[in-house]
Amino acid sequence: MNLNATLFAQLVVFFILAWFTMQFVWPPIVKALDERAKKIADGLAAAERGKQDLELATKRSTEALREGKEKAAELIANAEKRGAQLIEEAKANAKAEADRIVAGAKAEIEQEAVRAKEQLREQVAALVVTGAEQILRREINAQAHSDILATIKQDL
Amino acid sequence: MAAGSAAPTSGEYIVHHLTHLNSTGHAQKSVIDWSVINIDTMFYSILLGLATVFVLWLAARKSTSGVPGRFQAAVEILVEMVSEQAKGIIHSAESRKFVAPLALTVFVWIFFMNAMDLLPVDVLPKIGEMFGIHYQRVVATADLNAALGMSLGVLLVCIYYNIKIKGIGGWVHELFTAPFGSHPLLYPVNFIMQMIEFVAKTVSHGMRLFGNMYAGELVFMLIALLGGTATVFGFVGHVIAGSIWAIFHILIITLQAFIFMMLTLVYVGQAHEAH
């Protein structure tokens, strides 16, 4: 363990190596490390943002789904109401038609009855006249009493 | 314990292994001799220093902010670790631009130099001998010069930031008024305390690393000597002790590199704090 000039040579080498490291080794490595740290931080931030976006999208889709369901329910309710309305209308129409038909039939029947009465009246008058003729043939002239007979016919 | 008649004694073996290959060609005689330079320490520390910056540069060159490969991720773990420590200790972002890379370099570089301890103690010296290099020590951090050189570098960085942050006047003022307070009678005491603090910090910083690695190297040599007895006991002992010590040493080389880096940061951080 003797001291000699090696000491100073070593001292110089020490500073040269330190200088080299400072100049060519340290900066690029530290720069890479810092950049990577930044990249990772950015990546994490992006992931966080993505997560938030996803949450927002999920919320929005739930909202849309709920709205759709509401609309569908409303449509169904409307349709049901409309259907009931249509049935009511159809019922009313049918009733009116039926009433009309019944009324027509009634009128026809009445007409028919009137005509039958008319015929009956003619026949009865003819019958009466015939009867009266036969009765009166012996006693009276038919022509002489035709006025009276016509009046009677009218009153029947 | 010598294995054969031609082989060195265990004492010679250890001394041989602890002798540096220096510019004089023989072991340094005086404790301090500034005209001598350890060639082996310089060679391995520069080689491993280049390996350090090359490995780091390989990762830096292709670094992307995208998905990193395994190699890039490994280097990034290191950078992130050093960067976090630096952020906790040094609050000036401007200073961190230099101090954090310095700490990273120191950590990886010292780790590499310490890791040379894990190579079998005789491999590189024997290869060296084949090429006529008779002395070689491969663990650069087990050379006090290397460890103190680096801690001296840290001291210079500390002084630089002391002056930069507080200004010359501010720092000199601090040297004389801290830690005991501003009173003319206390000026010399404060100054002496500050000087002791700087010397103690620097010496302990370097000595800690040197001591750990030197002791670790020595234990490896002793274990190698045990195997060198060429007996069953020696062989089994070598395998067991060598394995245990090597596994334990993985912890030590990492820990010492980490401690050196942390203390570098702490000392530079202290230079930023005004008393």
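Helix axes are lines fitted to C-alpha atoms over the stretch in contact, and the angles between them run from 0 to 180 degrees between N-to-C directions. The structure described here is a predicted model, in which local features need pLDDT of at least 70, side-chain atom pairs count only at pLDDT 80 or more, and totals for chains, interfaces and linings use all residues. Residues are numbered from 1 along each chain as its sequence is written, while chains are lettered from A and ligands numbered from 1 in the order in which they are written.

Chain B contains 8 helices and 1 strand, where helices (H or I, at least four residues) and strands (E, at least two) are DSSP runs numbered from the N terminus. Its elements follow the order α-β-α-α-α-α-α-α-α along the sequence. The C-alpha trace of chain B spans about 70 × 60 × 35 Å along its principal axes. Of its 275 residues, 37% count as buried; a residue is buried if 20 or more other C-beta atoms, placed from the backbone, lie within 10 Å of its own, exposed if 12 or fewer, and partly exposed in between. Two residues are in contact if their C-beta atoms, placed from the backbone, lie within 7 Å. Among contacts in chain B with a separation of 6 or more, 68% involve residues 24 or more positions apart.

Within chain B, the axes of helix 7 (residues 187–228) and helix 8 (residues 232–272) come within 9 Å and cross at roughly 170°. Helix 7 and helix 8 of chain B are therefore roughly antiparallel to each other; this class covers angles over 145 degrees, whereas those under 35 count as roughly parallel, 65 to 115 as roughly perpendicular and the rest as oblique. The contact of helix 7 with helix 8 of chain B comprises 14 nonpolar, 10 polar and 2 charged residues. In this classification Ala, Val, Leu, Ile, Met, Phe, Trp, Tyr, Cys and Pro are nonpolar, Asp, Glu, Lys and Arg are charged, and the others, Gly among them, are polar.

Met116(B) is located in the loop between helix 4 and helix 5 (123–130) of chain B. Met116(B) is buried, with 21 other C-beta atoms within 10 Å. Leaving aside residues up to four places away in sequence, Met116(B) touches Tyr44(B), Val138(B) and Val139(B).

The contact between the two chains draws 44 residues from chain B and 30 residues from chain A. On the side of chain B that touches chain A, helix 2 of chain B supplies the largest share, 11 residues. That side of chain B divides into 25 nonpolar, 15 polar and 4 charged residues.

Strand 1 (residues 3–4) of chain A pairs with strand 1 of chain B in the parallel sense over 2 bridges, pairing being assigned if DSSP finds at least two bridges between two strands. Asp33(B) is the bridge partner of Asn4(A).

Helix 1 (residues 6–136) of chain A also meets helices of chain B. Its axis and that of helix 4 of chain B come within 8 Å and cross at roughly 110°, and the two helices are therefore roughly perpendicular to each other. By class, this contact has 11 nonpolar, 2 polar and no charged residues. The axes of helix 1 of chain A and helix 3 of chain B come within 10 Å and cross at roughly 90°. Here Ile29(A), Val30(A) and Leu33(A) meet Val75(B), Glu76(B), Val79(B), Glu80(B) and Ser83(B).
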